[in-house]
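Okay, thanks for coming, everyone.

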Amino acid sequence: MNGSVHQQPPVSDPPQPRRSMVVCAVIGAAFMAAVDEIVFHQILAWHHFYDRSTSGVGLLSDGLLHTAEVLGLVAGFFLFADLRRRRTLAPDHAWAGFFLGLGGFQLFDGIVDHKLLRLHQVRYGVDVTPYDWGWNLAGALLLVIGVVLGVRAARRVRAATAS
């Protein structure tokens, strides 16, 4: 050896499926918030996060949403990096969490923000019904994908521990 000390890789703890799922759900929700904010608020200019006031308040609300999504992404990726560093990431559960976060954000936005609180609509000046259906069905599809991936991941863990 050339004078350097060879270090053994750290012993890894067992995978952490629940933490992997939660961390990646945070990343998924923040990612979908970013897609919503960039595509629908900025590029298409269909709405702001809060449309029941002036356009200035709408822009402020978009800025606050953007701040929250960036904080979610940064925190999520720091926690994800920690899982990787400790070698405790459960990839199957992580993917399930990511899709649960995507779909969860989309449905929450479509049902709570659009319909219950009426903070904004998907689009104005048109019949919103097809937009609502598309928005919520897309969110439901992403959520179903997350559930299916989560069930598969749990079955794999059970099968691995049973053998």
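Some ground rules before that. This is a predicted model, so we ask for pLDDT of at least 70 for local features and 80 or more for side-chain atom pairs, while totals for chains, interfaces and linings use all residues. Residues are numbered from 1 along each chain as its sequence is written, and side-chain values use heavy atoms, with hydrogens and water left out.

Let's start with charge. Side chains of opposite charge can pair when their charged atoms come close. For a salt bridge, we want a side-chain nitrogen of Lys or Arg within 4 Å of a carboxyl oxygen of Asp or Glu. How many salt bridges does that rule give? The count is five.

Take Asp 82 and Arg 85, a salt bridge whose closest N and O atoms are 2.7 Å apart. Both sit in helix α2, three residues apart, so about one helical turn separates them. When I say helix, I mean a DSSP run of H or I with at least four residues, numbered from the N terminus.

Next up, Asp 92 and Arg 156 meet in a salt bridge, 2.9 Å from N to O. Asp 92 lies in helix α3 and Arg 156 in helix α4, so this pair ties together parts that are 64 residues apart in sequence. Both partners are partly exposed, Asp 92 with 32% and Arg 156 with 47%.

Then there's Lys 115 with Asp 132, a salt bridge at 2.6 Å, N to O. Again the link runs from helix α3, with Lys 115, to helix α4, with Asp 132, so parts 17 residues apart in sequence are tied together. Lys 115 counts as partly exposed at 29%, while Asp 132 is buried at 9%. There is also one network, in which salt bridges that share partners join Arg 19, Asp 82, Arg 85 and Arg 86.

Now for the buried aspartate. Asp 109 sits in helix α3, residues 91–116. Asp 109 is buried but has no salt bridge, and the nearest side chain of opposite charge is Lys 115, 11 Å away. For charge, Lys and Arg count as positive and Asp and Glu as negative; His and the chain ends are not counted. So which side chain does Asp 109 meet in a polar contact? That's His 120, at 3.5 Å. A polar contact is a pair of N or O atoms within 3.5 Å; within protein, one must be able to donate a hydrogen and the other to accept it, and residues adjacent in sequence count only if both atoms are side-chain atoms. Leaving out residues up to four places away in sequence, Asp 109 touches Asp 36, His 114, His 120 and Trp 135. Touching, or contact, means heavy atoms within 4.5 Å.

His 120 turns up again with His 48, whose contacts include His 41, Ser 61 and His 120. His 48 lies in the loop between α1 and α2 and is buried, with a relative accessible area of 19%.

On to the pocket lining. Among the residues lining the largest pocket are Cys 24, Phe 77, Trp 95 and Phe 98. Which helix supplies the largest share of that lining? It's α3, with four residues.

Last, the backbone. Most residues other than glycine have a negative phi. Arg 87, in the loop between α2 and α3, has a positive phi near 60°. Arg 87 is partly exposed, at 45% relative accessibility. Arg 118 has a positive phi too, about 50°, and sits in the loop between α3 and α4. Arg 118 is also partly exposed, at 47%.

That's my tour, thanks.

Terms used
Helices (H or I, at least four residues) and strands (E, at least two) are DSSP runs, numbered from the N terminus. Buried means under 20% relative accessible area, exposed over 50%, partly exposed in between (1.4 Å probe, protein chains only). On a 1 Å grid over the protein atoms alone, a cavity is a set of points where a 1.4 Å probe fits but cannot get out, and a pocket is an open set with protein on both sides within 12 Å along at least five of seven lines; lining residues have an atom within 4 Å of a point.
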